[in-house]
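Please look over the sequence and the model before reading on. The paragraphs below go from one contact inside a chain to the contact between chains.

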Amino acid sequence: MRNKAKQQDIGERIKNFSEVSCGYSNDQARLETERCLLCKEPLCVKGCPVGIDIPSFIRLLRENKPEEALRKIKEKNNLPAVCGRVCPQEDQCEGRCILNKKNIPINIGALERYASDYGKQSAVGSQQSAKKNNLKIAVVGSGPAGLTAAADLAKMGFLVTLFESLHSAGGVLSYGIPEFRLPKKIVAEELGYIQGLGVEIKTDILIGKTFSLNELFEKGYRAVFLGLGAGLPQFLGIPGENLDRVYSANEFLTRINLMKAYKFPEYKTPINIGKKIAVIGAGNVAFDSARCALRLGCEVSIVYRRTETEMPARIEEIENAQEEGVHLQLLTQPLRILGDDKGFVRGLECQKMKLGEPDASGRKRPLPLKDSDFVLDVDTVIVAIGQTPNPLLGKAESRIKVNPQGTIFVDENLMTSIPGVFAGGDIVTGADTVIAAMGAGKKAALAIDNYLKNQVKSAS
Amino acid sequence: MFKIIEKTNLAPQIKKIVVEAGEIARKARPGQFVVIVSKESSERIPLTIADLNPQEGTITLIFQEIGFSTRELGLLGPGDSIQHILGPLGQPTDIENFGTVICVGGGVGIAEIYPVVKAMKKAGNRVLGIIGARKESLIILKEELRELCDEFFITTDDGSLGKKGLVTDILQDLFTSVEKSTHTLYPNRVYAVGPVVMMQAVSNLTKMYNIKTIVSLNPIMVDATGMCGSCRVSVGGKVVFGCVDGPEFDGHQVDFEELKKRLNSFKEKEDSL
């Protein structure tokens with residue numbers, strides 16, 4: 001049987017922002033490792049975007065060596081405590097596990113988290129740094145892509161400075177993913193590890209505004225990695241979206257996670273919500289928003305134009321949200337947000353949908369049902385239908401080639417149209433997962449290393 | 001950490017601070033702003049850069065204590081530090097030799113026209129300044145502006161300084177005198193910063209005379225880098241972000257009624273602090 005980590009009681013957890021999953025106990029971890037077949041040709045590793053040697057770390061855990069297991073993971077993954085918590089394992093490592101044939105894949109995510117939570121006492125990693133080579137690299141954006149690139153480059157011996165525009169580092173790990181799914185203490189520990197590798201983190205600097213890319217090169221940086229993320233919130237373009245108490249998920253989550261509005265008035269950033277909230281969208285960001293709103297004492301509906309099967313969010317988050325009491329308002333398309341005379345939301349006009357033939361995305365296309373309009377009784381609306389790449393740097397630096405969909409153009413080595421400037425993560429792919437961005441950060445670190453080696457070669 | 005090296009009370013509840021922020025001072029241009037976080041627990045709030053000294057590496061911020069966060073900032077004095085300052089943000093003011101430019105400042109907005117007046121003058125414009133406030137004690141920077149402007153007018157609601165009335169009264173007088181005169185010309189551009197109602201009134205008036213008018217908006221922001229959309233405003237029927245597309249927009253295109261409502265989004269919460 002697949003071992004599920006213990007969770008905070010539902011009745012309790014909907015009243016707090018503490019982590020929902022309590023993680024494995026020692027016994028649970030041991031039982032789960034004993035189920036692993038330790039395949040000679042493991043499929044799980046192929047499913048991991050950063051290629052963690054999963055059977056080896058599971059074997060080390062089975063031998064009760066969490067420090068060594070963590071060291072094994074950190075050979076490939078600089079943020080295991082994060083990935084163990086937020087990766088969509090069902091689509092990656094666990095999705096490839098041979099035991100899926102019996103419907104009982106190894107709970108690799110929970111084991112990764114266990115290894116990082118129990119193995120972190122020792123000073124793993126600091127000994128991994130290579131001799132410093134005195135070549136300076138600037139990494140822009142401290143989200144998963146930037147952190148990974150920075151850590152890998154530091155391990156290779158480069159002098160890395162990580163620039164972050166917000167006042168706290170971590171990117172989406174800090175402003176986006178809520179405390180109950182990814183405690184900020186864990187993020188701080190991972191940041192501490194990366195600083196321990198010699199990476200200098202500079203907050204409050206917006207590249208493109210505070211410094212241009214040229215100025216970075218003038219300051220002696222030999223290469224730049226752009227991990228800018230998918231920061232531009234999408235709106236529906238329906239009437240009423242500028243009413244008060246209509247939030248982009250980015251704003252709602254940033255207020256709550258980064259600015260800690262859930263601790264208002266101890267923290268001074270407010271969030272103004274009513275009693276009944278509609279969250280439009282069904283990805284992880286939508287579910288994060290919904291579950292934050294629930295914890296702030298609201299009745300919450302996820303409004304989605306397809307059905308549960310098509311939802312892009314992690315299965316665990318959908319299950320958790322439903323257990324916690326989030327209502328799924330399926331096959332429903334918002335048409336208009338209704339406002340009162342003071343400019344606040346008083347309802348969401350919707351129409352019912354049915355599913356037709358699959359569309360370009362492979363998902364069944366939602367089609368409107370005639371004369372099915374109705375008004376959802378809500379006083380707050382959160383729009384969580386996706387983010388597109390952050391356009392700020394592309395606008396500030398005309399030499400950066402930007403694709404029509406807003407992503408930054410890169411070649412097969414992740415180099416942009418400016419020599420020595422690389423990019424990866426959501427800014428290149430559009431909104432994707434934490435681990436995919438980390439994979440890009442790894443690839444970019446190798447590409448930067450190669451690029452600079454070639455430069456040195458051609459110079460001598 | 002950004003050290004405050006000077007602090008002056010310009011008027012009741014209006015304070016001026018000079019802050020060490022070398023990189024920003026080196027880079028900022030008129031019309032741009034910074035986001036500050038006074039303490040780790042504070043809000044992120046946008047403030048226009050009122051002046052800067054690239055040599056000394058300082059920027060000047062002038063703010064009115066209107067809510068909790070500005071009051072909290074007002075408690076800091078010389079030697080204290082502001083935890084975080086990000087900038088320069090937003091698009092700089094479009095500065096060129098337009099001919100005649102009228103700069104209108106209301107309340108603490110007077111501080112925001114100061115760098116623009118300076119730059120417009122330097123670009124070779126004939127600059128007319130009109131500033132207004134409720135009463136004399138709330139009029140700031142009048143000597144600095146008087147010195148820069150070719151013509152300079154002050155209004156107060158109660159008549160305690162300058163002409164009794166609103167800045168738009170002076171503006172209307174100027175337009176009327178142009179109408180009656182054969183040799184003076186309409187201004188080529190109006191630049192207005194102040195309370196939303198003032199910017200709206202100025203824009204309504206200049207629209208009748210078809211004079212291009214730039215206003216600097218102050219919507220609510222969080223990150224101020226284009227990520228949250230809190231600052232969205234409707235301009236010419238399109239939704240734009242004040243932080244990255246602005247803060248300056250064509251006053252004839254701005255939906256001021258919507259902006260007023262959006263500025264009240266958090267009022268109840270903020271008043272509770």
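**Two contacts**

Domain 2 of chain A and domain 3 of chain A bury about 1,100 Å² between them, with carbon and sulfur atoms giving 57%. Buried area is the accessible area (1.4 Å probe) that two parts lose on being put together, summed over both. On the side of domain 2 of chain A, A:Tyr175, A:Phe180 and A:Arg181 lose the most area to domain 3 of chain A, together 51% of what that side buries. This is a predicted model, in which local features need pLDDT of at least 70 and side-chain atom pairs count only at pLDDT 80 or more, while totals for chains, interfaces and linings use all residues. Residues are numbered from 1 along each chain as its sequence is written, chains are lettered from A and ligands numbered from 1 in the order in which they are written, and side-chain values use heavy atoms, with hydrogens and water left out.

Two salt bridges are counted between domain 2 of chain A and domain 3 of chain A; the term stands for a side-chain nitrogen of Lys or Arg within 4 Å of a carboxyl oxygen of Asp or Glu. A:Arg181 also forms a salt bridge with A:Glu317 (3.5 Å, N to O).

Next comes the contact between chains. Here 46 residues of chain A are in contact with 47 residues of chain B, contact meaning heavy atoms within 4.5 Å. The area buried between chain A and chain B is about 3,600 Å², and carbon and sulfur atoms give 56% of it. In chain A, the residues that lose the most area to chain B are A:Lys209, A:Asn242 and A:Lys268, together 20% of what that side buries. Three salt bridges are found across this interface. B:Lys27 and A:Glu215 meet in a salt bridge through their side chains (2.3 Å, N to O).
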